[in-house]
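User: I would like a close look at one part of this model, followed by its surroundings. Please keep it brisk.

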Amino acid sequence: MTTSILTYIAGWPLLAALALVVVPRNYRVIIRAIAVLATLISAVLAVKMFCNFNAALPDAEGYRFVQQIPWVESLGISYHVGVDGLNVGLILMGAIVAFAAALCSFEIQTREKEFYILLLVMAGGILGAFASLDLFFFYFLHELALVPTFIMIGVWGRGERKNYATFQITIYLSIGALIALIGLIALYLQSGANTFDIPKIIAHAQAHPLAENVQNFIFPLLLFGFGILVSLWPFHSWAPLGYGVAPSPTAMLHAGVLKKFGLYGLIRIALPLLPQAAQSWAHVIAWLCVGNILYVGWVAMRQKDLNLLIGNSSVAHMGFIFLGIASLNVIGVTGAVLIMIAHGFLAALTFALSGYLYQQTGTLKISELGGLCRKLPFIGTALLMALMAGCGLPGFANFVGEATVFFGAWNAFPTVTLIALWGALVIGGVYMTRAIRNVLHGPLPEKWNSLNAVTHNWRKLPYVVLLVCLLVFGCLPRLLTDKINPAAQNVLTQAAPVKQVVQTEISGARN
Amino acid sequence: MNASLMTLELCVIALGVVLLLADFWMPPERKKFLAYAAILALGGLLAVSFSGNGVCSLGGSAFSGSFLNDALAVYFKRFFLLAAMLVLFIAAEFSGRIAAAVSEYYSLVLFALAGMLFAASANDFAMLFVSIELITITFYVLVSFQRSKLQSLEAGVKYLILGALSSAFLIFGIALVWGTTGELNFTKLALVAPQFLASKIFLIGVLFVLVGLGFKIAAFPFQIWAPDVYQGAPTPTTAFLAVGSKAAGFVLLLRVLFTALPGVMHLHAFTTLLIVISGITILYGNLCALPQRNLKRLLGYSSISHAGYLLLGVAALSASGQAAVLYYLAGYLFTVLAAFAVIAIVLQGQDKDIAGLGGLNQRSPLLAAAMTFAMVSLAGIPPLAGFFGKFLLLKAVIEQGATNHGYYCLAFTALVGVVISFYYYFGVIRAIYWGKDATDMSPIVLSAPAKFFLWVCIAGIIWLGLFPNTVLNLANEAVTVLNL
């Protein structure tokens with residue numbers, strides 16, 4: 001079997017990380033060039049893969065660009081990658097965000113070599129995790145990407161609360177990942193398929209569904225394990241502070257890409273394998289996501305620091321994705337995947353911009369900023385667009401996703417959808433427009449008269465790339481939905497036969 | 001009787017004696033080379049053991065079944081040979097600090113190795129006791145080898161008193177088991193043991209045997225000696241104690257539990273006991289390691305917690321659990337020996353404070369890398385050996401969850417332990433790369449053998465993490481001889 005393009009997409013950053021180990025630390029330009037080049041190659045390959053993806057012509061078992069190499073035969077672990085509509089967009093988004101993050105790493109001035117190595121490991125690991133169709137590698141590669149996050153926040157983080165935030169994020173996310181690991185191992189053992197291969201487990205589970213009590217035992221492990229990773233309310237408190245403290249490339253990659261891993265895991269693994277438990281837990285997810293949307297939205301309104309505000313709003317956005325998953329229908333799940341992609345670009349863009357502001361002003365306190373649009377026209381405009389995208393302005397990809405989720409969720413949870421709508425339109429609108437007014441408009445404090453606008457055009461590249469992606473997918477959502485739709489349909493039909501059985505059983509009991 | 005089965009053990013003992021004799025003709029400044037000669041000889045034995053028709057791959061039993069050479073024994077014999085070779089590398093680096101009798105140190109390591117090899121083959125309570133005593137008594141001397149250092153002597157005395165106490169428990173337990181059943185041989189004992197499951201005296205005997213073995217592996221509540229002895233003993237001794245002595249305890253534990261007394265462990269009380277001890281050991285080791293500033297003491301507590309992780313596999317009472325124990329030990333070997341080698345080379349004559357590692361990446365990038373790999377692997381982070389080992393152990397425990405819900409609690413306890421351990425393992429890494437510079441910032445020049453040793457350890461850690469197939473197959477094959 002030939003090497004899949006996915007192996008190259010995830011492999012180039014990891015290879016570059018390995019290469020950087022032997023580059024002497026004072027060759028700063030070369031170190032940066034290698035990092036940027038590797039992520040650029042993987043982004044270009046991802047775009048190529050995205051364009052060549054045709055859901056109608058799958059290679060094997062419904063996946064494209066498949067590659068499988070046995071790894072530990074006695075346990076049924078193999079290196080198995082492939083894409084379908086669920087992860088094709090996520091990989092594209094991840095690769096582009098990784099490229100933008102590498103470009104934004106110019107703000108790092110100390111120990112660049114270690115920083116770029118960690119950044120590349122993070123990027124390669126998470127791209128590999130998204131491409132992986134093997135339960136073991138799925139977890140393994142995510143963990144590989146997660147640990148550098150902690151180190152980067154601990155070493156290059158900013159502000160007085162750096163140590164506390166590092167602690168908090170490490171403990172929260174490690175516990176979340178390990179709970180998910182227990183769930184995945186339990187799933188492997190209980191499925192009886194004796195393999196870690198996701199398509200095979202799913203096929204096996206079609207024929208031999210897991211007992212309902214087993215499902216109800218494993219599903220919460222996955223829900224809360226993955227939920228902690230995605231900052232599901234009430235396990236979200238690591239996120240705003242962590243992102244507030246993190247260096248902006250780390251925040252971009254983590255908030256944009258890594259965080260989507262848990263959601264992707266829920267859709268890819270939990271829904272098809274644990275359909276009955278998903279049914280019975282759906283209302284729990286729906287009500288928890290109200291916590292994300294309303295409670296965290298309110299918290300975001302009270303923030304005095306721009307980064308904390310963005311961090312909280314990113315937690316609030318996760319609520320919409322959870323709502324889409326909880327709706328358990330094709331429209332809702334499609335919308336969830338759409339927001340995952342859109343929010344990836346958006347989070348990366350906002351953290352990149354706030355990182356630029358912090359680098360220029362040395363503060364992100366909203367009360368000290370103001371009128372920056374005049375001094376920094378490009379950054380100001382980009383931030384304006386990003387914040388408007390964040391409160392769901394049509395034309396940006398987020399609007400498409402949120403609207404789709406609301407359509408999907410209406411049938412299943414009308415009350416929650418109403419609350420979520422209010423949260424999205426009113427609360428989101430309030431804090432975003434307030435931030436725009438206080439940071440970008442109004443009088444310019446005198447001390448910011450000396451600020452420099454972005455001097456080189458190529459420094460604008462990461463922001464432009466991310467903005468373009470947001471607009472393209474906002475104006476042409478069919479690029480994504482055409483791919484996601486069949487895959488979402490597939491996931492839900494995999495769950496469906498069991499659902500019908502349950503329904504007939506229930507109706508039988510009524511008779 | 002088939003004494004040729006013992007060729008390997010006899011070779012090792014002969015090698016020890018030859019080293020002692022060679023001491024007469026070796027000028028003092030060249031005694032380091034005795035260690036390299038011994039390493040080469042052991043390497044030869046190891047190679048022969050893999051060749052398939054050599055001394056140590058012969059199957060069969062000798063001395064009316066008390067000495068057994070099966071797949072499990074062969075796995076552990078290879079393990080011990082490798083461990084002794086790597087420990088001798090550390091000892092050669094360390095030799096400058098042993099005031100006198102350097103070659104005695106090397107040959108004592110070999111005699112301890114012989115004890116471990118016998119332990120790997122023990123299929124009889126008498127053999128078990130003799131091999132444990134051979135290991136322990138040699139270690140009394142090895143621990144207190146730096147006679148001029150008070151700490152080393154203190155460690156020796158502590159090890160002696162607690163070791164003697166545990167031996168007393170062990171022999172008392174053996175006496176009770178023998179008194180009730182009339183059998184010392186494991187194979188024969190397995191046939192009669194089920195009749196005695198109701199006998200209190202028999203069960204107390206089994207419990208006492210477990211106490212004796214619990215001391216060897218430093219499981220709670222017999223872990224008291226570990227931090228003090230680890231801290232006070234010469235670094236190569238500590239390394240051998242952490243790897244060899246612990247593994248010897250585990251092979252004997254596996255033999256006793258799954259060859260001699262397979263029915264006993266399935267008694268509810270004993271299963272619960274194993275689960276509880278494993279959980280407490282993990283928590284105790286990890287929590288006590290948190291405030292430590294002395295690196296050797298920290299590794300002492302960490303070794304307690306790893307005994308707890310290994311007990312996870314034992315407590316699972318399944319073949320996959322025991323295979324996981326064997327795999328984890330292999331990864332632990334490279335990891336811990338790399339860490340102790342760095343301590344032996346960097347923290348010479350200091351108080352072994354973690355701060356002494358400050359700026360190590362400027363003084364010697366290779367040493368810094370080796371220590372980082374060791375810590376990351378101990379913390380169980382992919383893609384290194386420790387992660388895959390912990391994954392196998394957790395899988396084995398969760399597998400049993402359906403039979404006894406205590407296993408789920410145990411798995412969660414292990415996870416809590418892992419999360420706690422991140423703090424102190426990363427503390428070491430932070431000291432290396434981001435800590436205050438040490439007082440002495442002169443570059444460290446490594447000898448060629450030391451470089452080779454460090455590369456071997458790093459390669460082992462990565463290899464076991466990325467390509468687990470070979471060793472896992474060996475481990476799976478080894479545990480087939482156990483009665484599970």
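This is a predicted model: local features need pLDDT of at least 70, side-chain atom pairs count only at pLDDT 80 or more; totals for chains, interfaces and linings use all residues.

Start with the helix itself. α2(A) covers residues 28–52, which is 25 residues. From its first C-alpha to its last, α2(A) reaches 36 Å. That is close to the 36 Å expected at 1.5 Å a residue.

Next, the buried positions. Ile31(A), Ile34(A), Ala35(A) and Ala38(A) are among them. Further along α2(A), Thr39(A), Ser42(A) and Ala43(A) are buried too. Leu45(A), Ala46(A) and Met49(A) complete the list.

Strand β1(A) spans residues 64–72 and pairs with β2(A), residues 77–83. The pairing is antiparallel and runs over 6 bridges. Val72(A) stands opposite Ile77(A) of β2(A). The two strands form a hairpin, with 4 residues between them. In the turn, Gly76(A) has a positive phi of about 75°.

The C-alpha atoms of Leu86(A) and Leu480(A) are separated by 9.6 Å, although the two residues are 394 apart along the chain. Leu480(A) belongs to helix α20 of chain A, residues 478–510. Leu480(A) counts as buried because 25 C-beta neighbours lie inside 10 Å. Leaving out residues up to four places away in sequence, Leu480(A) touches Gly89(A), Leu338(A), Ile341(A) and Phe473(A).

Now the wider setting. The largest nonpolar core has 408 residues. Those with the most contacts inside this core are Leu88(B), Val109(B), Leu337(B) and Ala338(B). Helix α13 of chain B, residues 319–346, gives the most to the core, with 22 residues. Val109(B) touches Ala84(B), Val87(B), Leu88(B), Ala91(B) and Phe240(B), again without residues up to four places away in sequence.

Last, the contact between the chains. Here 17 residues of chain A are in contact with 18 residues of chain B. On the chain A side, α5 (135–156) and α6 (162–191) are the elements that give two or more residues. The largest share, 9 residues, comes from α6(A). By class, this side of chain A has 12 nonpolar, 3 polar and 2 charged residues.

Note on methods. Residues are numbered from 1 along each chain as its sequence is written. Chains are lettered from A and ligands numbered from 1 in the order in which they are written. A residue is buried if 20 or more other C-beta atoms lie within 10 Å of its own, exposed if 12 or fewer, and partly exposed in between; C-beta atoms are placed from the backbone. Two residues are in contact if their C-beta atoms, placed from the backbone, lie within 7 Å. A nonpolar core is a set of buried Ala, Val, Leu, Ile, Met, Phe, Trp, Tyr and Cys residues joined through C-beta atoms within 7 Å. Two strands pair if DSSP finds at least two bridges between them. The expected span of a helix is 1.5 Å times one less than its number of residues. Ala, Val, Leu, Ile, Met, Phe, Trp, Tyr, Cys and Pro count as nonpolar, Asp, Glu, Lys and Arg as charged, and the others, Gly among them, as polar.
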